[in-house]
Amino acid sequence: MEQVTITIGGKSVSCDKGTTLYELSRTYQDAYRYPIIVGRCDGVIQELYHEVVDGTQVEFCTTEEKDGTRAYIRGMSMLLLKAIYSVLPRERIGKVTLEYSLDSGYFCRIHEKQTEDGKEGGAYWLDKISLKAIEDRMRQYVEEDIRFQKEIIPTREAKKLFHELGMEKKSMLCEYRRNSRMTVYRLGGFIDYYYGAMPYSTGILKHFSLQLFEDGLVFITPRRSNPLVLPEFKPSMKLYRTMQQTNEWGEKLHVSSVGELNREIVNGGITELMLTQEALHEKRIGDIAEEIANRGSRIVTIAGPSSSGKTTFSYRLSTQLKTLGLRPHPIGLDDYFVNREDTPKRPDGQYNYECLEALDVKGLNEDLNRLLRGEEVQLPTYNFITGMREYNKAPLQLDKDEILVIEGIHGLNDKLTYSIPSDEKYKIYISALTTLNLDNHNRIPTTEARMIRRIIRDARTRGNSARKTISMWSGVREGENANIFPFQEQADAMFNSALIYELAAMKLYADPVLFQVPKDCPEYSEAQRLLKFLDYFLPVDPHAVPLNSILREFIGGGILLD
């Protein structure tokens, strides 16, 4: 048998030509704490079916790693769909939509079949008995350890296949694909398409649970931090309602999938779609401003994860507040950093500017209370060069029609403004919560657009490479998980800054910087994944993006920040 030489863990290994990653993974599994689910060959994620070739550098990904987690979720999605169509009455079941993540679960909705006059069927309401039957069938498939069989077919045949299966959004996705071939998967008799690598077989999908939720269900899987333990499902109902509102917008605009978005671009409807989306944003911002005015709140705090568009939102909210006769005054939380010598440090010795202790919370509360009492206050300015606070601003004194607007990651945490009565505060949570999906079974994570926003902005305004931004992203997410997400349910209002068209508009900016990521670095596989993902979108001329859009905060050329 002909031999090939590959590299695993920095060591050269000889194996038979045609050896798969699966065969190698069985040999090396004992060296890993968690199950191996996919591999990485020369920086590119590959399924375990993949045959290694001479000179390949091989790495394995377990369920503890982000690429492994993604494969686990995709496998779980197909497992769930196969069980649903196997257990529930086929004469009643129409489409099944896997819509978005919610806490530790992924929200799914089962729809009745279309009526005879072609109208969309409503929600199919599950009971506990049916839900248990679905979960039992899934566990049966796990015990049977069924292979995920991969098949590559011409895209035109995939389009026809999904049309015949009633998967119209998948069929539409195929219509605008440049690639002449497409991958489909078979699990027993069930056929589907999934974006990204799949597990080798169902046997690895041992850890999950199903739970009824609202008019659908959630499937719950372990978090990366503990891949063998199921977390408790504790959803934010405010977040759920915000996601549902965005979902309804997409359905009303007939653009809830990438194929439908591409259709609008091709047919010349993108300008109207942009203006409609921006109008929906403006209406929501106006509603929040009216609520603030009606409540008589004197302090508004705005918080959200990275690249949510907080700065542009603050400007647009201030404009709406002015139309109601109020005069907003911004307070920069960064100016309340403690002096650098007093700043807490992370375990690696770096300064931790994201923790609450990095701020002079006591001084902030003293200043806020004095301002609310009508006193004159000189606010600080933090000098990032010297690491010291300075007092060089003109003193501030609030009139009765003036309110304070505070933007920062701790804005939802009551410890930040502990001395301010709750009726004086109005807290806003903002994030880019995309509900646009590739199709009914391939959801787009809500972090995807934020990450691409950050990559574009960092390259444009800070001179950072995509490689650097990608390398920092996990640390950014850790800060969000600690300082923002636990407090989102305490918000008085939530604003979803996601725009249906934004990924198509960002494509022309993102592609060049992502292609610059070198092949020999750890960030290469993530850059390639994002490039492949953006390939599903037809590009939109970014000059058509309205000049006051939140998206302008990232692509530039706006009238509010530039």
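Contact here means heavy atoms within 4.5 Å. With that in hand, take Leu261: leaving out residues up to four places away in sequence, it touches Val255, Ile270, Leu273, Leu436, Ile500, Tyr501, Ala504 and Phe537. Bear in mind that this is a predicted model, where local features need pLDDT of at least 70 and side-chain atom pairs count only at pLDDT 80 or more, while totals for chains, interfaces and linings use all residues. Numbering runs from 1 along each chain as its sequence is written, and side-chain values use heavy atoms, with hydrogens and water left out.

Leu261 also turns up in the largest nonpolar core, which has 115 residues; Leu80, Leu261, Leu514 and Phe537 are those with the most contacts inside it. Helix H2 (residues 66-87) supplies the largest share of this core, 11 residues. Another core, of 23 residues, lies apart from it and includes Ile331, Leu359, Leu372 and Tyr382. A nonpolar core is a set of buried Ala, Val, Leu, Ile, Met, Phe, Trp, Tyr and Cys residues joined through side-chain atoms within 4.5 Å. Buried means under 20% relative accessible area, exposed over 50%, and partly exposed in between, using a 1.4 Å probe and protein chains only.

Arg450 sits in helix H11 (residues 446-462); helices are DSSP runs (H or I, at least four residues) numbered from the N terminus. Arg450 counts as buried because its relative accessibility is 2%. Its side chain reaches the backbone oxygen of Ser306 at 2.8 Å. Arg450 and Ser307 are 143 residues apart in sequence, yet 5.4 Å apart in space, C-alpha to C-alpha.

Note on methods
Helix = DSSP H or I, 4+ residues; strand = E, 2+ residues; numbered from the N terminus. Polar contact = N/O pair within 3.5 Å; in protein donor to acceptor, adjacent residues only side chain to side chain.
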